[in-house]
Amino acid sequence: MTDTLAQSTLNIQTDTSGQGKPLPSHVKCAIIGGGVVGCSILFHLAKFGWKDTILLERDELTSGSSWHAAGQIHTISSDPNISRLQSYTIGLYKEIEELSGQSVGLHMTGGFYLASNKTWHDYLKRERSKARYMGLHQEWIDLKELAEKHPLIDPKHYYAALWDDQDGDLDPSGTTYAFAKAARTFGAQYFTHTPVTATTQRPDGLWEVTTSRGTVIAEHVVNCGGLWAREVGHMAGLNIPVQPMEHHYLLTERIDAVANHPERLPAGIDYEANIYFRQERDGLLLGTYEAKGTAWKVGGTPMDFGHELLQPNLDQIADRLEFAFERVPVLGEVGIRQTINGPFTFGPDGNPMIGPVPGMHNYWCAVGVMAGFCQGGGVGLTMAEWMIDGEPSIDVWAMDVARFGDWATPDWGTVKSTENYERRFVMTFPNETLPKGRKQQTTALYDRLTAKGARMGQAFGLEHVLWFGDNPDDAWEDPTFERNRSHDYVARECDAVRNGVAGIEVANFAKHVIKGAGARAWLDQTMAGYVPKPGRMTLSPMLTEKGRLYGDLTIACLADDHFMLFGSGSMQDAHTRFWAKTLPADVTHENQTADWHGIAISGPKSRELLSRITRDDVSAEAFKFRDTRQTFVGGVPVILNRISFSGELGYEIYCRPQYLLKLSEAIEEAGADLDYRWYGNRALMSLRLEKGWGAWGLEFRPDFNALESGMDVFINWKKDFVGKAATEAAKDAGITRKLVTLTIDTPIDVTLDEAVLKDGAAVGYITSGGYAHSVQKSMAMAYVSAENSAAGTLLDVEILGEMYKAEVQGQPLYDPTGAKMRG
């Protein structure tokens with residue numbers, strides 16, 4: 001059931017300027033959807049030179065979720081680069097207002113984030129630490145100042161308040177039209193009341209975009225469908241795992257204290273109460289995220305839905321209102337002028353899904369942008385950079401559509417989007433795994449490993465072991481920012497690797513098969529490092545044209561025209577997309593990640609174990625470090641690699657999934673008298689820290705180049721490769737930051753994004769860290785300014801609001817020469 005919201009309450013505009021004009025026959029880009037995101041992309045593309053771009057909207061601009069958005073804006077996000085883009089978005093509003101002549105109704109009131117218990121106080125301490133190195137305007141204010149800034153709040157409920165002067169609110173409809181009209185000043189066009197009915201790609205790669213007013217031929221298509229993202233995707237054969245959710249907010253009657261306040265009240269978020277609030281006219285707007293989310297129109301959004309709202313259900317938010325009345329007492333004394341329940345689209349992890357869709361040519365999407373008025377400008381900037389320059393200016397993996405593969409089905413998307421909606425203001429801790437949408441992908445060992453006490457995590461939809469308890473009932477931990485009960489369990493797993501033999505499942509590593517007469521030449525151009533000879537392996541960085549890291553892959557040469565590349569499982573679709581742009585006719589690529597599972601064994605006894613289950617000679621002389629071969633282990637056909645991410649003597653054994661159970665049994669039986677133990681990812685991450693090895697998505701990502709990350713040691717400078725010119729230019733210019741390994745004098749380990757300081761000033765930030773059990777030190781990896789990267793440099797690291805002494809290390813703390821791994 002729906003009802004129409006009066007235009008006197010929310011500002012709904014109309015614009016008939018494009019209705020009488022004929023559609024162009026050919027365009028550079030056609031954007032489908034006229035919400036704030038589509039209009040922002042239109043503006044940025046036109047501003048940066050793609051003036052031959054159009055936007056097609058089925059109804060009026062904002063006729064989805066943009067028009068009824070609450071309009072509250074803020075900079076805080078779980079991902080630092082999304083925070084940067086949100087800051088950019090807010091800073092953009094004055095520009096588009098001036099260009100368009102359209103008011104965006106911006107009120108830069110500032111805003112505060114409220115912690116009413118220790119947990120949320122710790123969360124805000126982490127956010128404040130991130131803000132130090134990001135240059136965001138966040139400062140603590142005491143509770144007296146909080147009460148002065150917002151006299152309606154009862155400060156006795158709070159531990160602390162974090163203030164951000166960029167927060168505030170705006171007019172959603174005015175902002176959307178300002179983007180569209182500003183785009184028009186650069187030559188772009190938008191057409192309302194022009195629904196798209198089909199998108200068909202022709203053999204020449206161009207897109208036929210069919211509308212109610214004719215067909216447009218476009219080089220690029222961008223799905224900005226919002227509530228209709230799924231339906232627009234279906235036109236191109238694409239299933240997008242987003243889900244519209246019902247969402248409530250309230251508008252109060254007049255409040256004298258608001259009307260008589262000398263200036264507009266600031267915006268606020270109370271995490272424990274799960275509420276956000278701001279001034280609206282002479283009252284307040286109060287919004288919340290229900291504890292039990294309601295997915296709207298799971299089967300599909302009606303095409304005739306427009307400026308309607310859904311029937312309110314105050315029972316859904318009754319518990320939240322009780323909190324609100326306690327924290328802002330005046331709310332319990334005034335009437336509710338209007339209850340808004342409108343649908344808006346969530347993604348599986350709460351972040352947008354943007355970028356070029358893997359496996360499709362020139363088809364882009366920017367959907368699931370739940371916080372459109374915080375993120376819309378940044379999404380528009382990123383999309384324009386990506387489309388015009390070939391890559392964004394910063395790492396936007398947290399928003400990249402490629403982070404979800406075919407396993408992210410519509411049903412899974414609904415489950416996870418609902419979970420994420422419900423947890424919008426619910427703490428997710430660094431050691432926490434969320435319960436919904438699990439077992440989407442498993443291996444043949446899942447039941448066996450969980451029966452042994454495995455605590456599972458999930459990456460790219462695949463379950464993998466984090467650590468082992470003594471039995472299934474023992475595999476639990478309390479969510480925390482501090483060391484948890486897994487600490488001692490992980491210690492014994494590390495000990496097994498360092499002093500005996502232990503195994504870890506490696507199904508979640510990506511495996512790419514490259515074949516063909518031109519395979520070696522193409523790899524030599526695509527990868528910055530050395531391409532190995534048959535039977536050998538090398539580690540190589542892969543760079544973008546601008547010299548940014550886009551992969552660190554292990555290349556195994558199985559034959560002159562047959563290679564297997566091992567890399568990040570989460571990046572498998574992104575890498576497939578990257579390679580598709582340059583793959584020649586005489587080379588084939590196949591993503592075989594799901595076709596090869598396996599087990600890596602490590603430790604000083606690993607060679608002895610392996611020799612018991614293979615007929616091959618695996619002595620140090622016969623099977624050298626970085627050798628690879630196709631052979632038989634445990635009675636099954638495998639690819640056997642002598643390599644180890646643990647820093648210990650070790651081997652990776654890959655087999656087809658149907659052989660994995662047999663292989664695991666052979667390893668367990670042969671290793672019984674060697675005290676063989678299974679281990680998980682937590683131990684692996686601890687072991688690599690004391691070797692000073694970075695990991696993809698943490699130390700290695702497109703925010704950095706090969707020189708900053710230290711990956712330049714693997715580059716073959718004697719050849720041409722993608723990104724060489726940019727890397728040489730960076731080398732000549734000199735680097736300003738460097739990846740370092742730190743030891744920290746602390747009882748609380750870092751996780752990521754903590755500020756690194758020198759004499760009170762931020763000089764870098766943590767990319768990952770934890771406790772290194774073999775050397776018994778708390779460690780971290782960080783990017784710091786070049787002048788503070790020398791071994792022995794003393795720094796400070798902020799952890800949960802406290803400063804701890806840290807020292808830059810000049811070499812690995814464990815086996816610095818690598819003798820154990822190579823022996």
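Me: How far apart are the closest N and O atoms of K47 and E95?
Reply: This is a predicted model. K47 and E95 form a salt bridge. The cut-off for such a pair is 4 Å between nitrogen and carboxyl oxygen. Here the closest N and O atoms lie at 2.8 Å.

Me: Which helices does the pair of K47 and E95 link?
Reply: The two residues are 48 residues apart, so the pair links distant parts of the chain. K47 is in helix 1, residues 36-47. E95 is in helix 2, residues 80-100. The link is between helix 1 and helix 2.

Me: Is K47 buried or exposed, or partly exposed?
Reply: Buried needs under 20% relative accessible area, and exposed needs over 50%. K47 has 29%. E95, its partner, has 28% and is partly exposed. K47 likewise counts as partly exposed.

Me: Where does D560 lie, in the salt bridge with R520?
Reply: The closest N and O atoms of D560 and R520 are 3.9 Å apart. R520 is in helix 13, residues 519-526, and the partners are 40 residues apart. D560 is in the loop between strand 26 (549-559) and strand 27 (562-567).

Me: What is the relative accessible area of D560?
Reply: R520, at 27%, counts as partly exposed. Over 50% is needed to count as exposed. D560 is exposed, at 54%.

Me: Is E708 buried or exposed?
Reply: E708 and R737 meet in a salt bridge at 3.1 Å, N to O. E708 lies in helix 18 and R737 in strand 34, so the pair ties together parts 29 residues apart in sequence. R737 is partly exposed at 28%. E708, at 8%, is buried.

Me: In what order do the five strands of the open sheet run?
Reply: The pairing is antiparallel. Strand 25 (537-543) and strand 28 (588-591) each have a single partner strand, so both stand at the edges. From one strand to the next, the twist averages 30°. The order is 25-26-27-24-28.

Me: Which residue of strand 28 stands opposite K515?
Reply: Strand 24 covers residues 510-515 and runs antiparallel to strand 28. Four bridges join the two. Opposite K515 stands T588.

Me: Which residues is T414 in contact with, leaving aside its neighbours within four places in sequence?
Reply: T414 lies in helix 10, residues 410-422. At 14% relative accessibility, T414 is buried. Its contacts beyond those neighbours are Q243, A295 and V298.

Me: At roughly what angle do the axes of helix 2 and helix 9 cross?
Reply: Helix 9 covers residues 372-389, and its axis comes within 7 Å of that of helix 2. Helix 2 is roughly perpendicular to helix 9. That term covers 65 to 115 degrees. The crossing angle is roughly 100°.

Me: How many charged residues are in the contact of helix 2 with helix 9?
Reply: Helix 2 contributes residues including I82, L85 and Y88. Helix 9 contributes, among them, F373, G376 and L381. The contact holds eight nonpolar and seven polar residues.

Notes: Residues are numbered from 1 along each chain as its sequence is written. This is a predicted model: local features need pLDDT of at least 70, side-chain atom pairs count only at pLDDT 80 or more; totals for chains, interfaces and linings use all residues. Side-chain values use heavy atoms; hydrogens and water are left out. Two strands pair if DSSP finds at least two bridges between them. Axes are lines fitted to C-alpha atoms, for helices over the stretch in contact, and angles run from 0 to 180 degrees between N-to-C directions. A salt bridge is a side-chain nitrogen of Lys or Arg within 4 Å of a carboxyl oxygen of Asp or Glu. Buried means under 20% relative accessible area, exposed over 50%, partly exposed in between (1.4 Å probe, protein chains only). Contact means heavy atoms within 4.5 Å. Angles under 35 degrees count as roughly parallel, over 145 as roughly antiparallel, 65 to 115 as roughly perpendicular and the rest as oblique. Ala, Val, Leu, Ile, Met, Phe, Trp, Tyr, Cys and Pro count as nonpolar, Asp, Glu, Lys and Arg as charged, and the others, Gly among them, as polar.
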